[in-house]
Amino acid sequence: MSWVSILAIMFSAKVLLLLAALPVAFVFFLINIGGSYLIFGGLPGLEQMVRNEQVSVAQFSLVPIPLFVLMGEVLFHTGLAMKSVDAVDAVIKRVPGRLAVVTLVAGTIFSAISGSTIATTAMLGSLLLPQMLARGYEPRTAMGPTLAIGGVDILIPPSGLAVLLGSLGGISITGLLVGGIVPGLILAALFIGYVVLRCWINPELAPVSDDEGVKLDRPWLNFVVTVAPLILIFAVVVISMTEGWATPTESSALGALGTIILAGCYRALTLKNLWKSFLGTVSISGSLLFIIVGATTFAQLLSFSGATAGLVALIEEAQLTPNVVMIGMLAVLIFLGFFIDQTSIMMITLPFYMPLLKAMGVDLVWFGILYLLCMQIGLLTPPFGLLLFVLKGVAPPHIGIGMIYRAAIPYVWLTIAMMVLIFLFPQIVTSFVPD
Amino acid sequence: MSVLFRLNGWLVHILCGLAVLLIAAMVVSISAEVILRMLGFASIIGLIELTEYALFAATFFVAPYLLRTNEHIRVDLVIARLDPATARTVERGVLIVVMAISAITTVVATMLLVRSYGEGTLVFKDLIFPQWWLDWIIPLSFLVLFVQALELLIALIRKPDAAAPLSAEGVPGIRPEEMP
């Protein structure tokens, strides 16, 4: 059977099984069982599949994923995240769309210490969305920032998806984590500018309430006391990596331990909320890593069948310019993001992308950041945008999924604008990456 | 059958608890390694390898719990638009497929376990130990997954009026009552 036929069968089977609501990991397992038996050769093929499952996640470079998620879960379950939102709320005054801006600023700060995009969106959505709706904010103006800032979490370290991309693609994990900081901050600033401008032009989108937020005696002192330790942990994680004191995995462990100790110092840590944090961590990271277990053999089947080499050769023979090839790659990522989760996209595309990128001599960290921005768009686009479902889970019942889809659209365009900016000016990423 | 499901339910929670303990152990041991190194002590031999095995074990141990709580990532685009009766039929099909996958993987993984135990195969890295110390994890996890899927299937058949569970109903890793 030709590689084209194998490729067509594997991908059509994957799409059909996904649409039938089979969990993503089990979609891979089912295709792997059939593929291993037929392509790897009978029972030995199935045994090879099981051996692959054993080694797929037994990798030190994947360890930061649960540990970064743990940082976010501890902040969420101990209530420290809510305190930091209140601290931001108390210092931001007299801005058009004030609560939406609070969402974006608090989300950016939270992103700097949480590796869980889900926790960020769930926390901001459940805390600030009801307040905004109650004060008469137009629903899309209220929901959009919550969705968008959850996506920024992918870029600003700690970021589980950046670790995954680095580990699976053989790209410097430290480079990806550090290289994402400036684009993440610029993107957050773009989102804030957009909200302020829209609400300034049309004040009805976010009516000014008599209640101007949380009232504190010394709001700036409270802001420093609450937020500075969080920034300190972020600094420890980033500086320990950039200075070469610790590997990304070790930095993630220090960050997780630091977050737990910080919660203890604030007297917010109990055995109950620590247990909940760990349970949330194993749930989120387990669902992600279980997909990798299945997707590893899937990628090997593609490679063994000749599909990977065939497709790469086809693109090389077309003699397209590197820019055209890269734009095509990014377009494919955005397209796949409509239908497939981020982990699966990485497992499917990286075997094709990495040889091509290396052959073209592209800066892998720079392309990695563009790749992560595509993943961010995938989190916000229907029908499989995970953050859309997260927000649906925390939004009031009268908010329909269609309205949530529409709320995300402007922020998707802003993210694409950011991608164009990075594509034209790679220095936005490369200038800040350590050697 | 109910005794089997109750025992399996305990096993699901015990395995999930083990996954939590493994992640906690990772945090403590890796942090200790960095701090000890900074203080001039030698690295802990075999720690990286142990951490890798712990991540592997934690991933498989939590899988049955995720099936039980419907937290595995899935696309419910189509099933959410089906009428309840058809959605239930699709959900039954999904659970049967999960059972089939679990059964095949359990059988093949058990064959590997028996072989590595019989042949006395060793793992040679920083640490040297029998291969079967790792090989029991996949068959046990998939066996528990099989029974868990069977329990969900029977529950779905016995309650024909119940709505099929959808992943969009919850937030992964966070229970509804845990929202602020």
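Q: Which residues have the most contacts inside the largest nonpolar core?
A: This is a predicted model, in which local features need pLDDT of at least 70, side-chain atom pairs count only at pLDDT 80 or more, and totals for chains, interfaces and linings use all residues. Residues are numbered from 1 along each chain as its sequence is written, chains are lettered from A and ligands numbered from 1 in the order written, and side-chain values use heavy atoms, without hydrogens and water. A nonpolar core is a set of buried Ala, Val, Leu, Ile, Met, Phe, Trp, Tyr and Cys residues joined through side-chain atoms within 4.5 Å, where buried means under 20% relative accessible area with a 1.4 Å probe and protein chains only. The largest one has 219 residues, and those with the most contacts inside it are A:F290, A:F367 and A:Y371.

Q: Which helix gives the largest share of this core?
A: Helices are DSSP runs of H or I with at least four residues, and strands are runs of E with at least two, numbered from the N terminus. The largest share of the core is 15 residues, and it comes from chain A, residues 271-304, helix α13.

Q: In what order do the elements of chain B run?
A: Chain B holds five helices and two strands. Read from the N terminus on, the order is α-α-α-β-β-α-α.

Q: Is B:S141 buried or exposed?
A: B:S141 is found in helix α5 of chain B, residues 137-158. Not counting residues up to four places away in sequence, it touches B:F60, B:F61 and B:P64. Because its relative accessibility is 1%, B:S141 counts as buried.

Q: Where in α11(A) does the kink lie?
A: Helix α11 of chain A, residues 219-242, reaches 33 Å from its first C-alpha to its last, close to the 34 Å expected at 1.5 Å a residue, the expected span being 1.5 Å times one less than the number of residues. The bend at a residue is the angle between axes fitted to the seven residues ending there and the seven starting there. The kink is about 30° and comes shortly before the proline A:P229, at A:V227.

Q: Which residue with a positive phi follows α11(A)?
A: Buried residues of α11(A) include A:F223 and A:M241. After the helix, phi is positive, near 75°, at A:G244.

How values were computed: Buried < 20%, exposed > 50% of the residue type's maximum accessible area, 1.4 Å probe, protein only. Contact = heavy atoms within 4.5 Å.
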